[in-house]
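Try each task yourself before you read its solution.

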Amino acid sequence: MTQGEVRKLLGGYATNALSAEERRILFQAALEDQELFNALENEDALRELLADPVSREQVRRELARPIEAKRSGFRFRRWVLAVALPAAGAVILIAVMDRANAPRLIAPPVQIASRQLGPQAKERVEAKSLDRLPPAAPVAAPRLAAPPASAPAAGFGSTRATAARLRLGGATRIPDTIRQQFASGFDLNAPLYQGPLVRYSLVRSGPAGDRISVQVTSAMAGYLALYEVDAAGNLKRIYPASDPASPVAAGLTVEIPDSPIKMAATSQRLRLVVVPANSPAVVDRLGGSAVNKEAPLFQAPATPLVVDIPLAPN
Amino acid sequence: MPDGRIDALTALEQTEARERLIAAISEMGERCRKLLALKLEGKSFAEMQAIVGASSINTIYTWDFRCRQELMDRLRNRERSARETDR
C-alpha cells in the first residue's frame, strides 16, 4: 500500500467514509505496520466522536458558522479581556479572601466496588508475581477499569487515571483494530510472556475452593481478556463477557471475571492476553503508562503478552 | 461501580470530549474547516478536489492529512490542559 493510499484510507476512517473493503484493507495494513496501527488508534477517538449524531450535528453547526462571525466574536472578547475580566477577577479575589478562613468542604471518597466472601468461604491465593513485586491492592473488575479514589497500586506508581481521565473518547470504547486483533484469536502455541509487565494471582474461593478469579496487574495501559483452555486446547473467553477485550489502566490491579467462576473439570489452564495500547492518546485515555522512560521494557507494544495460568488441583 | 454512575461518567466524558472537539475545530483555518465539512457531507476525495479546485488529488490527501494532524494536536493540547486544571 502506497503512502497516498494509506493517507486516503486514514482520511476517510474518522468520518466513516470508508467502504467495508477499504476498512478491511486498512486494518490489515495496520496489523503489519506499527506506525499505521498507532495512527489508526489516534483516529479512532475522533471517529467515535464524529459517529455520535449529537457531536456530528454540533460540528456541522460550528463548520457552518462563518469565520467572520468568529472575528467579531474576537472583538467582543477583546472588550471582555480589557474590562470585564479584570472586574470579575477583583470580585473573585474579594470572595476568596472573604472565604479564606471558612471550613473546607471535602468530597467524600467514592466507593468504586467492594467484595466480601461468605463466612464459610475458603480462600487460597496462589500468588505468582512474575516480577517479584508485592501484589497491588485489587479492585473488583469493573467494565470501566477505574482505580480506587485513593492509594496507587504498589510497584507501579500512580493509578490516578482511567474513568475521569478517559477524555478523548468513550470510557469503555475498544478500538476496532484491537477488537479485530482479539477477535482473530491468538495462536495456542504463541510464545508465553514471562516478564515483569504482567502480574497475576490466582484466587480460589467458595466452600470447596473451586471458584476461581484472577487478580491482574498490567504495567501498561491496554486491553485484556481471560480465556479458559481445555484439555483439547480449545479456548473459551471468560472475561470480558460481551466485548472481545476490556480496557485496563496501567498499574491498576483488577480482579476478573466480575464474579468467581466454577471451572469445568476439563479445564487445564487459564490464558491471559494483554495487548498494550501504544498510541500516546490512547495511553493517556487509559490513565498513562507505568512503564517509565528510563526502562523501555517493551519494544513492540502491539504484540500481545500471553500469560498462561496453570490450574493446579486445589 | 453501579451502572448508573458509569453511564453518568461516560456521558460527562462525552460532553467534555465534544466541547473540546468543537473548540478545536473553531480554531482551525478555513481550508481545514472546509475539508472537514465536505467529508462530513460524505464527499469523496475526488469530489473535494473539484469543489476546492485543487490541482491534484494528492494535494487533497496532503491537506487532509495535515488538517487531521492539526485537529488531533489541538485535541491533545486541550485534553492535557483539562487534566492539569484537574490536578
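Two strands pair if DSSP finds at least two bridges between them. Keep in mind that this is a predicted model.

**Exercise 1.** Work out how S5 of chain A pairs with S9 of chain A, and over how many bridges.

*Solution.* Start with the ranges: S5(A) covers residues 222–230, and S9(A) covers residues 267–276. Nine bridges link these two strands, which pair in the antiparallel sense.

**Exercise 2.** Find what S5(A) does with S7(A) and with S6(A).

*Solution.* Go to S7(A), residues 246–248, first: its pairing with S5(A) is antiparallel, over three bridges. Here A:Tyr223 sits opposite A:Pro247. Next comes S6(A), residues 235–239, joined to S5(A) by four bridges and also running antiparallel. A:Val229 has A:Leu235 as its bridge partner there. Finally, check the hairpin of S5(A) and S6(A): four residues lie between the strands, and A:Gly233 has a positive phi near 85°.

**Exercise 3.** Explain why S5(A) counts as largely enclosed by the rest of the structure.

*Solution.* A residue is buried if 20 or more other C-beta atoms lie within 10 Å of its own. Eight of the nine residues of S5(A) are buried, so the rest of the structure largely encloses this strand. As background, buried residues make up 39% of the 314 residues in chain A.

How values were computed. Residues are numbered from 1 along each chain as its sequence is written. Chains are lettered from A and ligands numbered from 1 in the order in which they are written. This is a predicted model: local features need pLDDT of at least 70, side-chain atom pairs count only at pLDDT 80 or more; totals for chains, interfaces and linings use all residues. A residue is buried if 20 or more other C-beta atoms lie within 10 Å of its own, exposed if 12 or fewer, and partly exposed in between; C-beta atoms are placed from the backbone.
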